[in-house]
Amino acid sequence: RRYANEEYYAGWIKDSDNVGFTVWDSNDRRTILLLNTDWKSDTIVHDAELVYGSALFTVPVRRYNIETLHVAHGIVVHGLSNTTDVISIDEEDGGWVIKVQNTEKDVVYCFNSFTGKKVRFELTEPGVHTVRLKNNQ
């Protein structure tokens with residue numbers, strides 16, 4: 001039980017019949033990969049529940065997509081396109097500086113574990129983008 005609580009603190013997915021996941025820990029972040037495993041029903045999106053610290057977030061997991069969550073320093077970053085990558089997540093003056101690279105238009109969601117809020121950013125063109133977010137957003 002102690003181990004499970006440590007994983008929830010670092011970012012974890014609640015048990016689900018229709019979503020599988022794996023976790024990769026590196027020096028600077030945790031990466032969670034989610035896969036919708038329901039290929040038989042007519043339901044093409046299933047919700048996964050992400051627990052990060054004391055916050056709980058709902059993540060839609062689409063059929064035929066790998067949803068990638070980057071978890072670090074109290075924030076979770078989720079780009080909807082499989083070609084969008086998070087280069088870095090750094091803490092800065094009561095918030096974060098997030099660098100994202102994309103090859104097409106995309107939407108990126110940030111989940112704040114301190115406030116429980118979800119913030120949406122649109123990337124309107126390919127490139128490297130810097131997003132600044134305060135920890136009260």
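This is a predicted model: local features need pLDDT of at least 70, side-chain atom pairs count only at pLDDT 80 or more; totals for chains, interfaces and linings use all residues.

Is Ser81 buried or exposed? Ser81 is buried, because its relative accessible area is 10% and the cut-off for burial is under 20%.

**Surroundings of Ser81**

- Ser81 is placed in the loop that runs between β7 (75–79) and β8 (85–91).
- The side chain of Ser81 is joined to that of Thr83 by a polar contact of 2.9 Å.
- When residues up to four places away in sequence are not counted, Ser81 touches Glu104 and Asp106.

**Aromatic rings**

- There are three aromatic pairs in the structure.
- One of them is formed by Trp12 and Phe21, an edge-to-face pair with 5.1 Å from centre to centre and 90° between the planes.
- Trp12 is partly exposed, with a relative accessible area of 26%, and Phe21 is also partly exposed, at 30%.
- Phe57 and Phe111 make up a tilted pair, because their ring planes stand at 50°, with the centres 5.0 Å apart; the range for a tilted pair lies between the limits of 30 degrees for stacked and 60 for edge-to-face.
- Phe57 belongs to strand β5 (residues 55–62) and Phe111 to strand β10 (residues 106–112), so this pair ties together parts that are 54 residues apart in sequence.
- Both Phe57 and Phe111 are buried.
- At the ring of Tyr109, Lys118 lies over the face, 4.7 Å from the ring centre.

**Nonpolar cores**

- The largest nonpolar core has 17 residues, and the members that touch the most others are Ile13, Ile32, Leu34, Leu50, Leu69 and Val76.
- Two or more residues of this core come from each of β3 (30–36), β4 (45–52), β5, β6 (66–72) and β10.
- Strand β5 supplies the largest share of this core, with four residues.
- Leu34, leaving aside neighbours within four places in sequence, is in contact with residues including Ile13, Val19, Gly20, Phe21, Ala48, Val59, Val61 and Leu69.
- Also among the contacts of Leu34 are Asn65, Ile66 and Glu67.

Note on methods. Residues are numbered from 1 along each chain as its sequence is written. Side-chain values use heavy atoms; hydrogens and water are left out. Rings of Phe, Tyr and Trp (its six-membered ring) pair if their centres lie within 6.5 Å; planes under 30 degrees apart count as stacked, over 60 as edge-to-face and the rest as tilted. Buried means under 20% relative accessible area, exposed over 50%, partly exposed in between (1.4 Å probe, protein chains only). A charge sits over a ring if NZ of Lys or CZ of Arg is within 6 Å of the ring centre and within 35 degrees of the ring normal. A polar contact is a pair of N or O atoms within 3.5 Å; within protein, one must be able to donate a hydrogen and the other to accept it, and residues adjacent in sequence count only if both atoms are side-chain atoms. Contact means heavy atoms within 4.5 Å. A nonpolar core is a set of buried Ala, Val, Leu, Ile, Met, Phe, Trp, Tyr and Cys residues joined through side-chain atoms within 4.5 Å.
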